[in-house]
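Please read it alongside the sequence and coordinates shown here.

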Amino acid sequence: MSNLPRIVITGVGLTAPNGNSLGEFRQALLNGKSGVTPYEIRYFGKTLAGQCNFEATRYQSRKDIRRGTRAGSIGIYCAHEALKDAGIDIRDVDRSRVGVFVGTTEHGNVETETEIHNVKQYNYDLSFWTHHHNPRTVANNPAGEVTLALSTTGPAYCIGAACAAGNLGLIHSAQMLMLGEVDLALGGGVSESIHTFGIFAGFKAQTALATHDDPTKASRPFDAARNGIVISEGGCLYTLERLDDALKRKARIYGEIAGWCVNSDASDYVLPNSVRQAECMRGALKRAGMEPGDIHIVNTHATSTMQGDEMEAAAVNQVFGDFPGVHVNNTKSFIGHAMGAAGALELAGNLPSFDDRIVHPTINVESLDPKCAMRGLVINQSRKAERVDAIMNMSFGMLGINSALIVRRFSGAGG
Amino acid sequence: MNDAEIKQAIIDIISDIAPDEDTSNLKPDVRLREQMDLDSMDFLDIVMELRKRYGVNVPDTDYMQLATLDSCVNYLRGKLVSKTAKV
């Protein structure tokens, strides 16, 4: 492994329900500002969601917005913002060497539901079914829309990995850079899931959809009164480069991809498995050549479900419980569950900690569930850490996919 | 619908499909695709909107009849049912 090139993050582009740039998002996390609001969707009715208000027309014509998908718009916004943040003018790079790797939990449900709703108005006459359906619903749609917007001609596709997808977008980007398949990667994840009523109805049927009189308190991982997930849209794409390339162009380096692990529970369609989660965390540490005590922030996946949070807390305690310098937090308590974007967004919210050493909290913990108690859990108020040299970002998904990604502070070319 | 109303109906559809385009000065005898950034998918949108809004089915063998505003009016004369637009 030591012969493989080192991979660094040099740009961040994001839209979250509580911020449309890393600066806004980070400030919201430090200020305890939720992005969850009342929401209504056809057939399902009133519920809660994390909605984004980024300015899509900044990078797309109104016609392109109409022709493409919400996930595509989110991806295009994030890709442009990430490049801008990295100081990269796409016209100056060899666009055949740019890869776009976008994690998605699901894609196509929004458009299919919309078309069925449309043809229902015409007594299910399929001559009213749109010719846009297939290009909007193919599984590579958001990544493909990014290539159309940027005129990049390298490999571009989506990675379907349920709610672990955001991490997978980053991990795959690193792998493609290591292999020399691309010279610049735009990787992360997107989610348009709040525009499909099916996902709300599905979680409700599972008794896993959050309800609360105060929308900002609905997503409450680790709290004894948590009652389910708040679904959100959003996106986060990073520019990733080989360290040598980043140094050559004197890029600002947010952090270095230190290690990762992706594994499978092989135990249930929806129920998590803390043994496999712990194995995943240890696998990432091993790959990074680190000990648990080398990690200073563990960003949990916890989605505010009874069983999921408990399982993850057990895994975190198993791996990190003996190490006093480890802080544990959660981002979904602010923004809900941004599905395919979750892993990528949640990492982004923690990256500034390398500079300011402030660990944002998990909010809405009024009464900590004893089964979710974890050493180092940062509750409701930010905490200043003694040091923040490495972050482990966890994302798990249905069908038992687990991912753990470690990003470390960049400490020089020799480090 | 008279010819002016048919022409306006087409322009309204184009304005919805291509909202970034200026449709105020379209030349009636010049191909629409030469005056605007319209591609084959947009063209299919026009056909779909004619079906939705006016109940007109344009078979693919007749698509060429919709090349200019004038040819649209000629082709659609007598075919458009004036009814509340259904968007």
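A:Gly50 has A:Ser232 in strand E7(A) as its bridge partner. The model is predicted. Strand E3 (residues 45–50) of chain A is joined to E7(A) by two bridges, and the two strands run parallel.

**Three-stranded sheet of chain A**
- E3(A) belongs to an open sheet of three strands, ordered E2-E3-E7 in chain A, with mixed pairing.
- Strand E2 (36–41) and strand E7 (231–232) of chain A are the edge strands, each pairing on one side only.

**Strands E10 and E11 of chain A**
- Strand E10 (residues 297–300) of chain A runs parallel to E11(A), and four bridges join them.
- The bridge partner of A:Ile297 in E11(A) is A:His327.
- Between E10(A) and E11(A) the chain passes through helix H11 (residues 306–320) of chain A, in a right-handed β-α-β crossover.
- Strand E11 (residues 327–330) of chain A is covered on both faces: A:His327 and A:Asn329 are buried on one side, A:Val328 and A:Asn330 on the other.

**Chain B**
- Chain B has four helices and zero strands, in the order α-α-α-α from the N terminus.
- Chain B is as compact as a globular protein of its length, because its radius of gyration of 12 Å is close to the 12 Å that the globule rule gives for 87 residues.
- Along the principal axes, the C-alpha atoms of chain B fill a box of roughly 30 × 25 × 25 Å.
- Buried residues make up 21% of the 87 in chain B.
- Among contacts in chain B with a separation of 6 or more, 60% are between residues 24 or more positions apart.

Methods: Residues numbered from 1 in each chain as written. Chains lettered and ligands numbered in written order. Predicted model: local features only at pLDDT ≥ 70, side-chain atom pairs only at ≥ 80, totals over all residues. Pairing = 2+ DSSP bridges. Buried ≥ 20, exposed ≤ 12 C-beta atoms within 10 Å, placed from the backbone. Right-handed = clockwise from strand over helix to strand, strands pointing away. Rg over C-alpha atoms; globule rule 2.2 N^0.38 Å. Contact = placed C-beta atoms within 7 Å.
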